[in-house]
Amino acid sequence: MRTLSRVALAAMLPALLVAGCDDWLTGPKLTTDPNRPVEADRNQLFTGVQAQLFIQQTGEMARLTSMWTQQMAGTDRQYASQALYSYTEDDFSTYWDDVYGGGGLIDLRLIQSLSDTAGDRVYSGIAKVLEAYIIGTAASIFGDIPYSQALESDTPELDEQLDVYAAMQTLLDDAIADLTSGEGSGPGAVDLIYGGDAAAWTEAAWTLKARYYLHTAEVDASAYGQALSAAQNGISSPANDFETFQTDVTLESNIWYQFFRDRDSYIRAGKTLVDTLVARGDPRLTEYFGPAGNGSIGGAAQGAAYDPVTQSPLSATRGAPGFDQPLITWEENQLIIAEAAYHTGAPGVAQGALNAVRTANSLGSISPSGGALLHAIMIEKWIVMFQNIEAYSDYRRTCAPNLAPAGGATSIPGRVLYAFTERNTNPNVPPPSEQPARNDNDPVTPTSPTGQACLGQS
């Protein structure tokens, strides 16, 4: 891989330079610059990994998928084009490189190796959860990706998406075994997510397992039962939500805040989500969005010209520099239980989990049945997963909400093109014209949960 080759070269340069010099002027105080360390300890690596993860999960890919699921709307510059499904293979090269490079898979494997050497299974288990999160998310977006050869070859083959998900399940099983072993002290306060709480990390691992089982359910119906079983061990309360760590300090502020600060006109509240929240009388309307220039909350159609008078920005809550973005949560876990229970013939369990989330958001209980129950579950989850990449997977799996493609297009994209940076150096990556429109585990969903033809998938 291009990124891996660059890292390997950087590691080789010091040795090459030393080999070319005489040794008459050597010694720790002469040849080592304490201000330019060549190695990082696992705590330093772990801090960098967390920062990179927060950027990956709440940055450019989250903005793209929020537009394609019509939670937000692109209103200016390249975002107006991306909202209408016009983008290039170079638009997400940074995201791709960060999955594998520094702060990504390379550093996570090094953390695991250092932790194993130190006999700290808890630390290693946490790193495995993060590896599963980063690689599983990449597989959900791109489909087949390098994994088994990713750190072994400059031109790794692409593993099939279903094989990657199977590997993530095994990795998460290993992580859970490590986390529950009681061996090692873990990262402690260096852990910006859970403060080193192994039990909380264990719950997050189970919820990730449940999430990835759902990703395969369209081609393996037994995955619904596996998702239900995993989720029952998942995040048990909002207090254990997996969130980013942000502060008012410039370099630590919420990525969405940073984007609006610098490019306020590019993206605004999506009309589809705003209209849905208004129709439901949903209090999350004002939690998610702030008033436009006219004093009311309004949404934009995809690709509409920027109009600050009628189009709302994020709310003062969601748009605050210190807002900790929810990534894997109790609400998601409950709605995984609801969807999986529905598909395994337990509508009472499904209704109970759905209403637990509604109650937590000051909404009354409901008791739909049949397809209306699944529809209610998935609409609730679409709202809960606001600004979260996972909403894109939920939509592709269920066609809920039943979104009409923007700008007269015939369908909403089923996947994202591979990064140009990888295709340019790896002959195993096909050109855009030869890449599939949808991933193998995600066939077209022909109808919405209520039986209507799916408008956005073809």
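**Figure 1. Packing of helices H16 and H17.** Helices H16 and H17 pack with their axes 10 Å apart and at an angle of about 30°. H16 is therefore roughly parallel to H17; angles under 35 degrees count as roughly parallel, over 145 as roughly antiparallel, 65 to 115 as roughly perpendicular and the rest as oblique. The crossing of the two helices is left-handed. To this contact H16 contributes Pro347, Ala350, Gln351, Leu354, Val357 and Arg358, and H17 contributes Leu373, Ala376, Ile377, Glu380 and Val384. By class, the contact of H16 with H17 comprises eight nonpolar, one polar and two charged residues. The model is predicted: local features need pLDDT of at least 70, side-chain atom pairs count only at pLDDT 80 or more, and totals for chains, interfaces and linings use all residues. Residues are numbered from 1 along each chain as its sequence is written, and side-chain values use heavy atoms, with hydrogens and water left out.

*Terms for this and the later views.* Helices (H or I, at least four residues) are DSSP runs, numbered from the N terminus. Axes are lines fitted to C-alpha atoms, for helices over the stretch in contact, and angles run from 0 to 180 degrees between N-to-C directions. A crossing is left-handed if the near helix is turned anticlockwise from the far one by less than a right angle. Contact means heavy atoms within 4.5 Å. Ala, Val, Leu, Ile, Met, Phe, Trp, Tyr, Cys and Pro count as nonpolar, Asp, Glu, Lys and Arg as charged, and the others, Gly among them, as polar.

**Figure 2. Helix H16 and the residue that follows it.** H16 covers residues 347–360; its 14 residues reach 20 Å from the first C-alpha to the last, close to the 20 Å expected at 1.5 Å a residue (the expected span is 1.5 Å times one less than the number of residues). Ala350, Ala353, Leu354, Asn355, Val357 and Arg358 of H16 are buried, where buried means under 20% relative accessible area, exposed over 50% and partly exposed in between (1.4 Å probe, protein chains only). These buried residues pack against helix H13 (271–280), helix H15 (330–343) and helix H17 (370–384). Ser362 lies in the loop between H16 and H17 and has a positive phi of about 60° although it is not a glycine. Ser362 is exposed, with a relative accessible area of 65%.

**Figure 3. Packing of helices H7 and H8.** The axes of helix H7 (residues 105–118) and H8 come within 8 Å and cross at roughly 160°. H7 is thus roughly antiparallel to H8, and their crossing is left-handed. The residues in contact are Leu105, Leu108, Arg109, Ile111, Gln112, Ser115 and Asp116 of H7, together with Tyr123, Ser124, Ala127, Lys128, Leu130, Glu131, Ile134 and Ile135 of H8. Sorted by class, the contact of H7 with H8 holds eight nonpolar, three polar and four charged residues.

Figure 4. The 22 residues of H8 should span 32 Å at 1.5 Å a residue, and its end C-alpha atoms are 31 Å apart, which agrees. H8 is mostly covered, with 21 of its 22 residues buried. Just after H8, Gly143 adopts a positive phi of about 95°. Helix H3 (residues 42–58) packs with H8 (residues 121–142) at an angle of about 25°, and their axes are 12 Å apart. H3 and H8 are therefore roughly parallel to each other, and H3 passes H8 in a left-handed crossing. Arg42, Asn43, Phe46, Val49, Leu53, Gln56 and Gln57 of H3 meet Tyr123, Ile126, Leu130, Tyr133, Ile134 and Thr137 of H8 in this contact. Eight nonpolar, four polar and one charged residue make up the contact of H3 with H8.

Figure 5. Gln387 is found in the loop between H17 and H18. Its phi is near 70°, a positive value in a residue other than glycine. At 2% relative accessibility, Gln387 counts as buried. Pro401 is placed in the loop between H18 and H19, and the peptide bond from Ala400 to Pro401 is cis, with omega near 0°. Gly407 also lies in the loop between helix H18 (390–398) and helix H19 (420–423). Gly407 is exposed, with a relative accessible area of 69%. Gly407 and Gln302 are 105 residues apart in sequence and 7.2 Å apart in space, C-alpha to C-alpha.
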